[in-house]
Amino acid sequence: MTAPLLDVRDLCVAFRSRRGATPVVRNLSFSVGAGETVAIVGESGSGKSVTALSLMRLIEREGGAVTGGEMLFRPHDGPAVDLARLDEPAMRAIRGNAMSMIFQEPMTSLNPVLTIGEQVAEVLLAHRGIGAREAERAALAVLDEVQLTDPERRMRQYPHELSGGMRQRVMIAIALACRPRLLIADEPTTALDVTIQAGILDLIRALQQQTGTSVIFITHDMGVVAEMADRVVVMRQGEHVETARTADLFAAPQATYTRALLAAVPRLGAGAPIYAVPRAGRAEDAGDTGEVLRVEGLVTRFPIRKGPFRRHVANVHAVEDVSLTLRRGETLGLVGESGSGKSTIGRSILRLVEPTTGRILICGRDVTGLSQQAVRPLRRHAQMVFQDPYASLNPRLPVHELVTEPLAIHDRLPAPARREIAAELMRRVGLPADSLDRYPHQFSGGQRQRLAIARALSSRPRVIVADEPVSALDVSVQDQVIALMRELQDEFGIAYLFISHDLAVVERMSHRVAVLDRGRIVETGPTDAVLSDPRHPYTRDLLAAVPVADPALRHGPRRLALRERRSPINPVGFTPPAQHFAEAGPGHLVAV
Amino acid sequence: MLEYALARLLRMVVTMLVIVTGVFFATRLSGNAVDFIGGEGLSAADRATLVAYYGLDASWLEQYWRYLRALAEGNFGISLVERRPVSTIALERVGPSLQLLVGAVLLTLAVAVPAGTLAAVYRKSWAGSMIMGAAFLGYAIPNFVLAVLLILTLSFWLGWLPSSGNGSLAHFVMPVVALSAFYIASLTRFTRNAMLDVLSQDYLRTARAKGLAEPRVIFKHALRNALITILSVLGLQIAGLAAAGNVVIETIFAWRGIGEMLVSAALRRDYPVLQFGVIAVALAVILINTLVDLAYGAADPRVRLARS
């Protein structure tokens, strides 16, 4: 191989603050060859995104600075330049031109007040020295290249008229418009559903083959790494851990950290938990079947009101005729993509949103007809854990009050008694007992999720609705939280309604799964049966789209049936046709 | 769109009706006009004649009904003091007031938007602090104090500008400056905050990653977004300019506009003029708000599409 396209040597990056400089990347060295794809992998705080922004020299805008090392890059066939030493005008000529970048958040990365056409043409105008007409024509061609449907219309549309996947395609179009030598993709699919992710990954790969662009792929997802990368750079806390060819890394990881990282990755097909037979009930439950939650024909629709008189013009059919049951000590996984209604089901059960019709029984008591007042005492039996451990804990409450708040509400327990219980809860979820007087911001993401679990546990609930409880966490932390949840289940016989978009995580947690598509259950049954023998086309698509953390099993270009997403918005009074299920095995039902 | 326009119109009519009613009864609560017109030595008989002449002997409700009917015919009545149709008086007054208002709005925009933008971009340097210091001062000084200070320095000591009256462009300078100062200061602060918010958005990082020059990033990508917030604030400000500001400033500078007319009419209980003045100001505020709403739609594609 000739001289690499990019050669990073001993890169050091630091963030300046009043207390001096905090190093965030230390002595990082790696290279990227022409046409090569290099993945930079690491958990949060590893410095992988900082490295990307440093290459673009956009890190200064975030308050950081390159404090040492070189970044040798060949923007054209001449000699290499050191990006670390270029001045701003020279960097500007490279950005978006020889080197470009795609970001994680497609929803916020495009300017809301400019048309798609303007935003794509702009980069061509900046670097190509062409006129507006020509730039527009070129922009249209690029939009076509990224396989956007109806590119002429997209040119005149604004970002909010496009879905997340479409917006990410626009970002790719902007990045590739000037045919860069190096494309930096910073978690480009993390915010997207798996089926959309599969499409974007396929697109990046296809365009790379077409144009010979080198790619730096920044991700935390080992599945994506296995799918995309030729070589992998593993980072941890700003330091280089190891570099290896992708196949070698997965086959024989050298560093201890890499081994731990790979071991923590939930893999599909690893098997579901063994069915825990519900234990003998407590006296109060004697005679029942151990059923703690029953949902019958749940329908939740949100009215759309329009115009100055707030006329009710249509309904969003969020949940449509969903029935499910949950027994003590059991976990039911609710799987689906965004907009499938899985969170709405969870919230409807706790009456955080009002169900339109249907019955919900918690511990045998129908909660649907009750007033909000009357529901409140029943909430002690059903608690909730939310996705975002940062937003779902009140920052003004010390931990001992925070985790026992349900007791203050339901039992009116005085503070000293609550403090004692809080200490016990903290011990139980594996947090230091001396942290009772701390506040949520003093905990890490994983610890906060433990706090949220402790809070949910405090009222000794029968059911916990866990809405994407580990989605915001790093894999190694994910692993620990899942282990904790399973332990607590064994110990207290809690039933979980486990909501997640991540099939591998659902598999690790759930005895049974229900697959949701646009508000309806399309397939349900024992986890192993559904995942190893999916019958419904949607379940199959979903499974096929999941990146597999094994380079040997790399997908070819997938031809996912690009399903036209039917709108969940229907006119007032519309009732969708009833659903029928066929039995594919014991307890394994498939919508027909 | 048609539905939107109709609803908007309906709301305007209802608002106007509430204001007309409020003004009608409030003026009558404040005293009888005849006592001001006739002076102190008025005999009881003469007073009764005057009251009857002006139709003030009828019950308030009946007067109100008569007034509404006259309004519907476009008849605003006759000034009790000047004995001329209110519409004639008002026509002389609307022009100067509009001049002042438009001048003040343009000056506010021309100064506040660039100043606020610079203050946001250079927030960590002395330039940003200077702008915000000046804005704080403008915010803190009441407009009548500023007006008097301006007259003292520019007219009495330096003799550069006439202290009052309308006429030349020179007459125009001080009233506009005194009227705008507060609004310039507050809009500068709003612009800065709106820009600070926009500057931290992801799409600005995207713009920079395209290799765009900084002025283009600031003025095309950032300011266009910040304008959405700025416009909505401006709408409220113009309403303030048209109503309260005008009254004080026009009186101080003897600027013969609607505001000055309102003050003298109020002092003399000239009901028809007073009523018309308030209606005119209210109408101006409503029209301005409608214009701002339309501009808001033009600035924000999300609003534009939701309405159509």
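In what order do the elements of chain B run from the N terminus on? They run α-α-α-α-α-α-α-α-α-α-α-α-α, and chain B accordingly has 13 helices and 0 strands, where helices (H or I, at least four residues) and strands (E, at least two) are DSSP runs numbered from the N terminus. This is a predicted model, in which local features need pLDDT of at least 70 and side-chain atom pairs count only at pLDDT 80 or more, while totals for chains, interfaces and linings use all residues. Residues are numbered from 1 along each chain as its sequence is written, chains are lettered from A and ligands numbered from 1 in the order in which they are written, and side-chain values use heavy atoms, with hydrogens and water left out. Taken along the principal axes, the C-alpha atoms of chain B fill a box of roughly 85 × 60 × 30 Å.

Within chain B, helix H5 (residues 86-121) packs against helix H6 (residues 126-140) at an angle of about 135 degrees, with the axes 8 Å apart; axes are lines fitted to C-alpha atoms, for helices over the stretch in contact, and angles run from 0 to 180 degrees between N-to-C directions. H5(B) is therefore oblique to H6(B), since angles under 35 degrees count as roughly parallel, over 145 as roughly antiparallel, 65 to 115 as roughly perpendicular and the rest as oblique. On the H5(B) side the contact (heavy atoms within 4.5 Å) is made by B:Ala115, B:Leu118 and B:Ala119, and on the H6(B) side by B:Gly128, B:Ile131 and B:Met132.

Helix H9 of chain B leads towards chain A. B:Arg205 is found in this helix H9, and, leaving aside its neighbours within four places in sequence, B:Arg205 is in contact with A:Leu53, A:Leu58, A:Glu62 and A:Phe103. The C-alpha atoms of B:Arg205 and B:Tyr122 are separated by 18 Å, although the two lie 83 residues apart along the chain.
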